[in-house]
Amino acid sequence: MKPNFSLRLRVFSLNCWGIPYLSKHRADRVKRLGDFLNMESFDLALLQEVWSEQDFQYLRQKLSPTYPAAHYFRSGIIGSGLCVFSKHSIQEITQHIYTLNGYPYMIYHGDWFCGKAVGLLVLHLSGLVLNAYVTHLHAEYNRQKDIYLAHRVAQAWELAQFIHHTSKKADVVLLCGDLNLHPKDLGCRLLKEWTGLHDAYLETRDFKAVSRFYISCKTLKTTIGRDPHSGTPLSDHEALMATLCVRHSPPQQDASPTHGAAERSLLISVLREAWTELDLGMSQAHWWATFAGYVTGVGLLLLVLVCALVAGGGVREIAIMLWAPTVGLVLGAGAVYLFHMQEAKGLCRARAELHHVLGRARDAQDLGPESQPVPLLGQQEGDRAEEQ
């Protein structure tokens, strides 16, 4: 590869708001999205909330001359809603479905039925290995009283771990999607501190790459509420369009010990905060499981009483009337108990992983830079780690 190597990458990301029968003007917006993507001819288009596979197939056919490679990530009951269109050949594809994703009885929110996930596609561009990730985390319905905060933090941690473990051979890492996070939210800070990724919306330099490459964001813009060509919105979300430039980086000296210690300290702080949030979520999950367990027990006692009344024949009509709601109570409370026990196990698993990483981070901080020449937390030079 030549020392003056340079590669430009144009990327498009949009939450399409494509809920069948509910999203307004969905068919028209999908059609105009296809027209817009063909007109702009991005290198990559990464979409979220394409809940109808028919919409994906329509876009795939419409975009095939411009984007010959495409993939739809399937999961959950109605799908992940994630799909990608690429001008370049896709070498590898895989996905990870998040362990926790809201509550099934919160039907009017619907996240649990979607099977939220992160999709990965690997591209080889001019000798570079590019890992592109697309994801959609749980929605935030009430910022003041966010009952899904622990789930979103757990999803952010799983996403960070997935990127961490699958990007070791990548030269460039790109994450797009609807994170439902503000830049300073815990989940976003956890992602950036553990993976070394930078926010293209806030920064225009130093994206994740190995030490031989340098990445900068040349242009970044949104649709500002409307399609730049037709003047009407493509979605209830804004699209993000970025032009990234990858080029050779001059040799750099290792980071100073003070700088490394500061980074470890910030990582430890974020890990502690995330551990605490998951611990609170786990305690709440155990409380609901315990409550549902008691209700199930009471329901079983009532069911025994109803059976006794039916057998005795004294108030048989009333007992028969109580049979159906009692059985419903037992089944409903039992389902809630099982779900929250599963939720507690998922949160416990994520908390245990964080606890392990936090322990290693503390050990590395205690040893100091002189006794710890190879960083343990998020980068390893032998594995083509990210440039800080």
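In which helix is the place of threonine 296? Threonine 296 has its place in helix α6, and this residue is taken up again in the last of the close-up views described below, all of which show a predicted model.

**Figure 1. Overview of the chain in the predicted model.** The chain contains 7 helices and 10 strands, and buried residues account for 48% of its 388 residues. Among contacts between residues at least 6 apart in sequence, 72% join residues that are at least 24 apart.

**Figure 2. The largest nonpolar core, with 41 residues.** Trp157, Leu190, Leu271 and Leu347 are the residues with the most contacts inside this core. At least two core residues are supplied by each of β6 (117-125), β7 (128-136), α4 (149-166), α5 (186-195), α6 (257-312) and α7 (316-371). Because both domain 1 (6-248) and domain 2 (263-365) give residues to this core, it lies between them. A second, separate core has 29 residues, among them Leu7, Leu121, Ala132 and Val246. In soluble globular proteins, nonpolar side chains tend to be buried together.

**Figure 3. The surroundings of leucine 347.** Not counting residues up to four places away in sequence, leucine 347 touches Leu100, Ala150, Ala154, Leu278, Gly281, Met282 and Ala285. Leu347 is also one of the residues with the most contacts inside the largest nonpolar core.

**Figure 4. The packing of α4 against α5.** The two helices pack at an angle of about 15°, and their axes are 9 Å apart; since angles under 35 degrees count as roughly parallel, α4 and α5 are therefore roughly parallel to each other. The crossing in which α4 passes α5 is right-handed. On the side of α4, the contact is made by Val153, Ala156, Trp157, Leu159, Ala160, Gln161, Ile163 and His164, while α5 contributes Leu186, Gly187, Leu190, Leu191, Trp194 and Thr195.

**Figure 5. Helix α5 and the residue that follows it.** Of the 10 residues of α5, 7 are buried, and the helix is mostly covered. The buried residues are Leu186, Gly187, Cys188, Leu190, Leu191, Trp194 and Thr195. After α5 comes glycine 196, which has a positive phi, near 85°.

**Figure 6. Isoleucine 97 in strand β5.** Isoleucine 97 belongs to β5, which covers residues 90-97, and it is partly exposed, with a relative accessible area of 42%. Leaving out residues up to four places away in sequence, isoleucine 97 touches Ser75, Gly115, Lys116, Ala117 and Glu158. Although isoleucine 97 and lysine 116 are 19 residues apart along the chain, their C-alpha atoms are separated by 6.2 Å.

**Figure 7. Threonine 296 and leucine 300 in helix α6.** Threonine 296, at 14% relative accessibility, counts as buried, because the term applies to residues under 20% relative accessible area. Once its neighbours within four places in sequence are left aside, threonine 296 is in contact with Val330, Ala333 and Gly334. Leucine 300, which likewise has its place in helix α6, is partly exposed, with a relative accessible area of 43%. The C-alpha atoms of leucine 300 and valine 330 are 6.4 Å apart in space, whereas the two residues are 30 residues apart in sequence.

Methods
Residues are numbered from 1 along each chain as its sequence is written. This is a predicted model: local features need pLDDT of at least 70, side-chain atom pairs count only at pLDDT 80 or more; totals for chains, interfaces and linings use all residues. Side-chain values use heavy atoms; hydrogens and water are left out. A nonpolar core is a set of buried Ala, Val, Leu, Ile, Met, Phe, Trp, Tyr and Cys residues joined through side-chain atoms within 4.5 Å. Buried means under 20% relative accessible area, exposed over 50%, partly exposed in between (1.4 Å probe, protein chains only). Helices (H or I, at least four residues) and strands (E, at least two) are DSSP runs, numbered from the N terminus. Domain bounds come from an automatic or database domain assignment. Contact means heavy atoms within 4.5 Å. Axes are lines fitted to C-alpha atoms, for helices over the stretch in contact, and angles run from 0 to 180 degrees between N-to-C directions. Angles under 35 degrees count as roughly parallel, over 145 as roughly antiparallel, 65 to 115 as roughly perpendicular and the rest as oblique. A crossing is left-handed if the near helix is turned anticlockwise from the far one by less than a right angle, and right-handed if clockwise.
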